[in-house]
Amino acid sequence: MSAYELVEGNFSDFFAIPFLHYRDSLYVSPMKSDLQRMLDGSRNPFFRDGHGEFTFYTVRRDGRPLGRIVAHVHHDANRLHGQSRTCFGFFDCADDHEAARTLLDAAEAWGRAHGGTEIVGNMNLTPAQQIGVVTDGFDAAPYTDMAFNPPHIPQLLQACGYTADFPMTTFELAIERFDPEMLLGPKQRELLDAPELVWGRLRRRGFVRVMRDLRVVLNESFAANPMFVPVSEAELLFQVGEMMWIVDERLSPIVYGPEGPVAVGACIPDLNPFLRETRSRFRWNTILTFLRHRRRRRRAVILFGAVRPAWQQRGLAPAMMYRSFTALRAAGYTHVGVTWIADVNAPSLRQMERLGARRLHRLHLFRKSLVAA
């Protein structure tokens with residue numbers, strides 16, 4: 001039998017693995033340069049500034065790369081939530097049990113060495129980024145920032161002793177069949193015309209300054225959500241810095257009150273068709289390809305909606321959605337995706353049902369104890 005070789009820190013193999021083994025899958029890789037900077041501990045402030053630690057592995061057999069995984073720990077999350085949790089992310093693998101077992105064993109050993117009593121994933125790399133393993137909906141094309149994998153990945157995890165937990169769902173809404181007016185009641189109409197509120201849009205000009213302001217809205221809005229950890233300014237700018245170049249200035253409403261920004265709805269064009277065509281690499285014609293896709297884009301994705309606590313339960317979120325969906329229709333978009341909503345978030349799930357959104361993917365986190373029974 002051929003031996004399986006575990007390798008630490010080989011980025012070339014790490015990037016190549018989905019392209020080698022997911023050829024019939026709808027999986028879309030992040031841009032190679034973005035993935036490389038995420039896994040550079042000297043550049044990524046999440047690791048550079050001491051919020052977490054990580055390593056990554058690949059596995060080969062007969063010189064052929066078969067799988068990859070990141071093992072990481074989020075120190076801030078463990079302190080905030082009273083946990084001793086290690087996480088894995090970017091678990092992508094051929095349908096090969098021994099390769100999967102080799103990778104997961106390595107991540108588990110790394111987790112124990114860093115004080116972990118359990119391991120959970122996928123988290124790529126924090127709850128503010130892609131999370132989850134797709135367990136249903138494999139025929140639905142994912143949008144930007146949606147986790148995706150072929151059906152054998154949850155099967156491999158279960159075969160290696162992992163249990164599905166924390167169910168989530170992604171959604172899609174057909175804009176041309178949706179009337180934004182249904183979002184407006186008396187409260188929402190009053191807010192749209194309220195003299196104390198100023199309605200703006202996320203633009204490239206002043207993007208960094210605005211994102212610094214919106215970090216406060218984001219952190220306050222999600223403070224009570226499971227797993228959420230406040231995002232530092234450096235982390236946020238590192239994650240969204242490239243978004244400045246792909247933002248459609250018509251789509252993302254920002255609301256300002258007397259105290260400053262009070263709400264934001266982050267909506268961007270879906271980049272996955274562009275990434276698939278370029279195979280997630282920069283080449284001589286990448287800019288031309290991007291410009292061609294920008295002219296014919298029809299899909300967008302809502303990354304998040306955030307409202308400061310003092311303004312919640314007052315109808316501001318539906319009013320923002322009205323602004324965003326009206327802009328999407330006017331700009332010629334036909335479909336919008338909504339990134340994961342957890343089953344514990346019943347109000348948001350009811351909102352999706354009222355809007356007639358279609359369920360795209362079912363996702364779970366997969367969990368395993370690192371404590372000997």
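Reader: Does Asp62 count as buried or exposed?
Author: The model is predicted, and in it Asp62 has a relative accessible area of 65%. The residue lies in the loop between strand 2 and strand 3 (64-74). Since the threshold for this class is over 50%, Asp62 counts as exposed.

Reader: What is the phi of Asp62?
Author: Most residues other than glycine have a negative phi. Asp62 is not a glycine, yet its phi is positive, near 55°.

Reader: What is omega for the peptide bond from Gly121 to Asn122?
Author: Most peptide bonds are trans. The bond from Gly121 to Asn122 is cis, and Asn122 lies in the loop between strand 5 (118-121) and strand 6 (123-124). Omega of this bond is near -5°.

Reader: Which residue does a cis peptide bond join to Asn124?
Author: The bond in question has an omega of about 10°.

Reader: What is the relative accessibility of Thr58?
Author: Thr58 is found in strand 2 (residues 52-61). Beyond four places in sequence, Thr58 touches residues including Leu6, Val7, Phe14, Ile17 and Leu103. Thr58 counts as buried because its relative accessibility is 0%.

Reader: Which residues of helix 6 are buried?
Author: Helix 6 comprises residues 152-159. What covers its buried residues includes strand 4 (85-93), helix 5 (97-113), strand 8 (133-136) and strand 15 (358-369). After the helix comes Gly161, with a positive phi near 90°. The buried residues are His152, Ile153, Pro154, Leu156 and Leu157.

Reader: How far apart in space are Pro154 and Asp136, C-alpha to C-alpha?
Author: Pro154 is found in helix 6 and is buried, as its relative accessible area is 7%. Leaving aside neighbours within four places in sequence, Pro154 is in contact with Val133, Val134, Thr135, Phe138, Asn149 and Phe366. Pro154 and Asp136 are 18 residues apart in sequence, and their C-alpha atoms are separated by 9.8 Å.

Reader: What is the N to O distance in the salt bridge of Glu108 and Arg101?
Author: The structure holds 25 salt bridges, including the one between the side chains of Glu108 and Arg101. Both of these residues are buried. The N to O distance is 2.9 Å.

Reader: Which class of accessibility applies to Arg189?
Author: The side chain of Arg189 meets that of Glu181 in a salt bridge (3.3 Å, N to O). At 36% relative accessibility, Glu181 is partly exposed. For Arg189 the relative accessible area is 42%, so its class is partly exposed.

Reader: How many residues apart are Asp248 and Arg297?
Author: These residues form a salt bridge in which the closest N and O atoms are 3.5 Å apart. Asp248 is in the loop between helix 9 (233-240) and strand 11 (253-257), whereas Arg297 is in the loop between helix 11 and strand 13 (299-307). Asp248 is buried, and so is Arg297. The pair links distant parts of the chain, its members being 49 residues apart.

Reader: What is the area of the nonpolar surface patch that includes Phe282?
Author: Phe282 is found in the loop between helix 10 (272-278) and helix 11 (286-296), and it counts as exposed because its relative accessibility is 56%. Along with Phe282, the patch is made by Trp284, Ile287, Leu288 and Leu291. Its area is about 630 Å².

Reader: What is the volume of the second largest pocket?
Author: Residues lining this pocket include Pro18, Phe19, Tyr22, Arg23, Leu275, Arg276 and Arg279. The elements giving two or more residues to the lining are helix 1 (11-21) and helix 10. The volume of the second largest pocket is about 210 Å³.

Terms used
Residues are numbered from 1 along each chain as its sequence is written. This is a predicted model: local features need pLDDT of at least 70, side-chain atom pairs count only at pLDDT 80 or more; totals for chains, interfaces and linings use all residues. Side-chain values use heavy atoms; hydrogens and water are left out. Patches are made of residues with over 30% relative accessible area and no salt bridge: like charges are joined within 9 Å, nonpolar side chains (Val, Leu, Ile, Met, Phe, Trp, Tyr) within 5 Å. Accessible areas come from the Shrake-Rupley method with a 1.4 Å probe; for residues, only the protein chains shown count as cover. A salt bridge is a side-chain nitrogen of Lys or Arg within 4 Å of a carboxyl oxygen of Asp or Glu. Helices (H or I, at least four residues) and strands (E, at least two) are DSSP runs, numbered from the N terminus. Buried means under 20% relative accessible area, exposed over 50%, partly exposed in between (1.4 Å probe, protein chains only). Contact means heavy atoms within 4.5 Å. On a 1 Å grid over the protein atoms alone, a cavity is a set of points where a 1.4 Å probe fits but cannot get out, and a pocket is an open set with protein on both sides within 12 Å along at least five of seven lines; lining residues have an atom within 4 Å of a point. Grid points are joined across faces, edges and corners, and a volume is the space filled by probe spheres set on the points.
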